[in-house]
Amino acid sequence: MTPLDITLNQKTRELLITWPGDEVHALSCEYLRVNSPSAEVRGHGPGQEKLQIGKENVNIKGIEQVGHYAIQLVFDDNHDSGIYDWNLLYELGKNMEQNWVEYLAKLDAAGYTRKLPGQVI
């Protein structure tokens, strides 16, 4: 499925994706960054994933079209190696709640406490 529209709101740090049937996913920059399809995040095979921490304030500074099937997101922490195809973006949106709960549990298990954007601890 190909998105009808992709809009970045840098102020709220959200990527809004409109799909056919008026389905809209609002994906935070942090969520997209920690779920990057890059080898840096996912590794080169099962069990090689690297937990991304400290990404609460990350933003997207650029979006580049990759053919007719994907986008490449350029984050302000200089991460730019993940290619998000339409299927991945749709799945990230559809499963956001479950994925986010799992990510927070991994952070907790690693002893990391998320900081709210702008919060200094």
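Visitor: Which residues of strand β2 are on its covered face, and which are on the uncovered one?

Guide: In strand β2 (residues 14–19), the covered face has L15, I17 and W19. E14, L16 and T18 are on the uncovered face. Side chains in a regular strand alternate between the two faces of the sheet.

Visitor: How do you know what is in this model?

Guide: It is a predicted model: local features need pLDDT of at least 70, side-chain atom pairs count only at pLDDT 80 or more, and totals for chains, interfaces and linings use all residues. Residues are numbered from 1 along each chain as its sequence is written, and side-chain values use heavy atoms, with hydrogens and water left out.

Visitor: Why are β1 and β2 called a pair?

Guide: Two strands pair if DSSP finds at least two bridges between them. β1 and β2 have 5 bridges and run antiparallel, so they pass. D5 has T18 in β2 as its bridge partner. The two strands form a hairpin with 4 residues between them. In that turn, R13 has a positive phi of about 60°.

Visitor: How many bridges join β2 and β3?

Guide: They pair over 6 bridges, in the antiparallel sense. L16 stands opposite A26 in β3. This hairpin has 3 residues between its strands, and G21 in the turn has a positive phi of about 85°.

Visitor: Is I6 buried, partly exposed or exposed?

Guide: Buried means under 20% relative accessible area, exposed means over 50%, and partly exposed lies in between (1.4 Å probe, protein chains only). I6, in strand β1 (residues 5–9), has 26%, so it counts as partly exposed. Its contacts (heavy atoms within 4.5 Å) include L15, L16, I17, I71 and W86, leaving aside neighbours within four places in sequence.

Visitor: What is the value for N9?

Guide: N9, also in strand β1, has a relative accessible area of 30%, so it is partly exposed. Its side chain reaches the backbone nitrogen of T12 at 3.1 Å.

Visitor: Why does R33 get the class it has?

Guide: R33 has 2% relative accessibility, so it counts as buried. It lies in helix α1 (residues 29–34). Among the residues it touches are V41, K55, F75 and Y84.

Visitor: How do you know that the side chain of R33 makes a polar contact with that of E40?

Guide: A polar contact is a pair of N or O atoms within 3.5 Å; within protein, one must be able to donate a hydrogen and the other to accept it, and residues adjacent in sequence count only if both atoms are side-chain atoms. The R33 and E40 side chains are joined at 3.4 Å. Another such contact, of 3.0 Å, joins the side chains of R33 and Q52.

Visitor: Which residues lie nearest the centre of the largest pocket?

Guide: V34, N35, V41, E49 and K106 do, out of 15 lining residues. α4 gives the most to the lining, with 4 residues.

How values were computed:
1 Å grid on protein atoms, 1.4 Å probe; cavity = no way out; pocket = protein on both sides within 12 Å on 5 of 7 lines; lining within 4 Å.
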